[in-house]
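Reader: Hello! Please take one part of this model and go through it closely with me, with the cut-offs behind each term, and then show me what surrounds it.

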Amino acid sequence: MKDPRDIIRRPIVTEASTAMMEEGKYVFEVDIRANKFQIRQALEAIFDVKVDRVNTMRVPGKTKRYGRYSGRTPEWKKAIVKLAEGSKQIEIFES
């Protein structure tokens, strides 16, 4: 298995994801090849929490232009993680 810090790239902090924290849900950018089981294991290893559910989605890249040149931003994967009842909160979002 890969290192857990290679699977979990970074937390996604937006207004919508901050509102979901009250329900015990956290949003992360993850490796595009990672499956739900690997994401669950990585989060439990890094943050020492109990994960109840993992929902994933692939976010398509956008078309960008710079003058007459056009290209695409890379596609990435987002995971919405719901913590189990009674599990401690993830500290990275508290500060």
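**From a serine to a helix**

Author: Let's start with Ser17, which touches Ile12, Lys25 and Val27, not counting residues up to four places away in sequence; contact here means heavy atoms within 4.5 Å. Before going on, please note that this is a predicted model, in which local features need pLDDT of at least 70 and side-chain atom pairs count only at pLDDT 80 or more, while totals for chains, interfaces and linings use all residues. Residues are numbered from 1 along each chain as its sequence is written, and side-chain values use heavy atoms, with hydrogens and water left out.

Ser17 lies in helix H2, residues 15-20; helices (H or I, at least four residues) and strands (E, at least two) are DSSP runs, numbered from the N terminus. At 4% relative accessibility, Ser17 counts as buried; the scale is buried under 20% relative accessible area, exposed over 50% and partly exposed in between, with a 1.4 Å probe and protein chains only.

Glu29 is buried, with a relative accessible area of 13%, and its side chain is joined to that of Arg10 by a polar contact of 2.7 Å. Beyond its neighbours within four places in sequence, Glu29 is in contact with residues including Ile7, Ile8, Ile12 and Trp76.

Now for helix H3. With 12 residues (36-47) at 1.5 Å a residue, H3 should span 16 Å, and its end C-alpha atoms are 16 Å apart, which agrees; the expected span is 1.5 Å times one less than the number of residues. Ile39, Ala42, Leu43 and Phe47 are the buried residues of H3. Seen down the helix axis, these buried residues fall within an arc of 95°, so they line one face of H3; the arc is that of the directions from the axis to the C-beta atoms. Phe37 and Ala45, on the other side of H3, are exposed.

Covering the buried residues of H3 are, among others, helix H1 (4-7) and strands S1 (8-11), S2 (25-30), S3 (51-59) and S6 (76-83). At the start of H3, a side-chain oxygen of Asn35 comes within 3.3 Å of the backbone nitrogen of Phe37. Just after H3, Asp48 takes a positive phi of about 55°.

The largest nonpolar core has 18 residues, and Ile8, Phe28, Ile39 and Leu43 have the most contacts inside it. A nonpolar core is a set of buried Ala, Val, Leu, Ile, Met, Phe, Trp, Tyr and Cys residues joined through side-chain atoms within 4.5 Å. H3 gives the most to this core, with four residues. Leu43, leaving aside neighbours within four places in sequence, is in contact with Ile8, Phe28, Asp48, Val49, Val51 and Val81.

Technical notes
A polar contact is a pair of N or O atoms within 3.5 Å; within protein, one must be able to donate a hydrogen and the other to accept it, and residues adjacent in sequence count only if both atoms are side-chain atoms.
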